[in-house]
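Here are my notes for your first look at this one. Keep the viewer open and click along as you read.

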Amino acid sequence: MSFRGRLTWLIATAFVVGGIVLLAAQYAMMAGFFSQQLHTSTVSVGNATPPSGAGSGDARPGVATSGELTTVRDEVLRNTMLGSLALVLALAVAAAALAWWLSGRLVARIGEVTRLASDISASDLTRRLALPGPRDEMTALGDTFDAMLERLQDGFQRQERFVANASHELRTPLAATRTALEAPLLQGRFDPAVVPDVRRALAANQHSEQLIAALLQLARAGQGLADSGPVELDEVVRGVLAEQAEAIAAKSLQVDVSLMAAEVTGDQTMLIRAVTNLIENAVKYTAVGETIRVDQRLTETGVELVIENPGRSFSAAEASGLIEPFRRGERSSPAPGHGLGLAIVDAVARAHGGRLQLTPRDGGGLRARVQMSRESAV
C-alpha cells in the first residue's frame with residue numbers, strides 16, 4: 001500500500017474506532033437512563049390505588065405496563081443503535097474521502113521533492129529544488145537538500161581541479177624521467193652493466209604512467225558523461241575485438257560472438273574503454289586454446305553485454321569484489337595490470353545508467369554482465 005493509502009487508512013480507522021467507542025458509550029448511557037426510568041415508572045404504577053371494581057392484577061386504563069415499557073425501551077435502543085451505526089459508516093466514508101484528499105496534498109509535495117531530486121545527477125549538480133509554498137517542514141527539507149547539493153557540487157569541483165592538476169603534475173616528471181633514460185639508452189651511453197637496471201627503471205616508469213592514466217580514467221568516468229551522443233554498441237564491440245585479434249591469436253583463443261544491433265546514447269570514448277578493459281581482462285586470464293564468449297543483446301530494460309571467460313574458480317563474494325579498485329583475480333599471475341580495469345568498467349556503466357555484475361562461471365572463470373537502463377538505450 002502506498003504512503004497515501006496507509007495515511008488514509010489510518011485516519012479512517014481512527015475515525016471509525018472513535019465513532020464506535022462514542023456509540024458504545026451513548027448506548028450504555030441511554031440503556032441506563034431507560035432502565036432507571038422503567039424502574040421508577042413500575043414503582044409508581046405499583047403504588048397507585050386501582051380503580052373501584054378492578055382486580056389487583058388488572059392493568060389500569062391509560063397506564064403502560066412494565067412489559068410494554070420494556071418493549072418500548074428495547075425498540076428505542078435498537079433503532080438508536082442502527083441509526084448511529086449508519087451515521088458512523090456514512091461519516092467514515094466521508095472521513096476517508098477527506099483523508100484521501102488531504103493526504104494527496106501532502107504527498108504531492110513529497111512527490112515534487114522526489115521528482116526534482118531524481119532529476120539531479122552527479123553530472124548536473126547546479127540544479128536546486130527551491131521548493132515554493134509556505135515555510136513548513138517540507139520547505140525545510142528542501143532547503144536542507146539544496147544545502148547538501150551545494151556541498152556536493154563544491155566537492156566535485158574540487159575533485160575535477162585535483163584530477164586536472166594531478167594529471168599535469170604527475171605526468172610531466174614521469175615523461176621527463178622516461179626521456180632522460182631512453183635517450184642515453186638508445187645512444188649507448190650507459191655502461192653495459194647498468195643497462196638491465198635502466199630497462200627495469202623504464203618498465204617501472206611505464207607502469208606508473210599507465211597507473212596514473214587508469215586513475216584519471218576512473219575519476220573522469222565517476223564524474224558522469226562529459227559528451228553524449230548516439231553510439232552503435234555492437235560496432236564498438238566488433239572494433240575492440242578487431243584490435244585484440246593479435247593477442248587472441250597469440251594464445252590460440254576461440255571467440256564465440258553473438259551481437260545484436262543496439263544504438264545507445266552515451267560517450268563513445270568511455271564505452272570503447274569499458275569494452276576494451278573487459279575483453280583485455282578475458283584474454284589475459286584465459287588459458288591457451290580456450291573459448292571466450294561475447295554476447296550482446298536487447299532486454300526488456302535496455303541493453304546487456306555479457307563476456308564470459310574460463311579460468312580459476314571464484315566464490316560469489318570473490319567475483320563481486322573484483323570490481324573494487326586494485327583488486328586482481330590472479331595476484332601471482334605474471335600478466336601486467338594495475339587492478340583498475342573492472343572498476344573503470346563499473347564507473348562507465350554507472351555513468352550510462354547501468355551497472356557491472358561479476359559472477360562465477362560454471363566450471364571456473366568469470367561472467368561479466370554490463371547492463372544499461374532503457375533511459376540510455378535508443
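Predicted model: local features only at pLDDT ≥ 70, side-chain atom pairs only at ≥ 80, totals over all residues.

1. Asp146 has a relative accessible area of 12%, and the cut-off for buried is under 20%, so Asp146 counts as buried. You'll find Asp146 in helix H3, which covers residues 137-187. Leaving aside residues up to four places away in sequence, Asp146 touches Arg128, Leu129 and Ala130.

2. Now zoom out. The protein chain has nine helices and seven strands. Of its 378 residues, 33% are buried. If you take contacts between residues at least 6 apart in sequence, 69% of them join residues at least 24 apart.

3. Next, look for the largest nonpolar core, a set of 42 residues. Leu278, Leu305, Ile307, Leu356 and Leu358 are the ones that touch the most other members. Elements giving two or more residues to this core include helix H5 (233-243), strand S4 (291-298) and strand S5 (302-309). H7 is the top contributor, with eight residues.

4. So what does H7 look like? Helix H7 runs over residues 268-284, and its 17 residues should span 24 Å at 1.5 Å a residue; the end C-alpha atoms are 24 Å apart, so the two agree. Asp267 caps the N-terminal end of H7, with a side-chain oxygen 3.0 Å from the backbone nitrogen of Thr269. Buried residues in H7 include Met270, Leu271, Ala274, Val275 and Leu278. When you look down a helix, remember that an α-helix has 3.6 residues a turn, so residues three or four places apart point the same way.

5. Ten of its eleven residues are buried, so helix H9 is largely enclosed by the rest of the structure. Among the buried ones are Leu342, Val345, Asp346 and Ala349. Just after H9, Gly353 takes a positive phi of about 75°.

6. Not counting residues up to four places away in sequence, Leu356 touches Leu342, Val345, Asp346 and Ala349, and its other contacts include Leu278, Ile323 and Val370.

Note on methods
Residues numbered from 1 in each chain as written. Heavy atoms only, no water. Buried < 20%, exposed > 50% of the residue type's maximum accessible area, 1.4 Å probe, protein only. Helix = DSSP H or I, 4+ residues; strand = E, 2+ residues; numbered from the N terminus. Expected span 1.5 Å × (residues − 1). Polar contact = N/O pair within 3.5 Å; in protein donor to acceptor, adjacent residues only side chain to side chain. Core = buried A, V, L, I, M, F, W, Y, C linked by side-chain atoms within 4.5 Å. Contact = heavy atoms within 4.5 Å.
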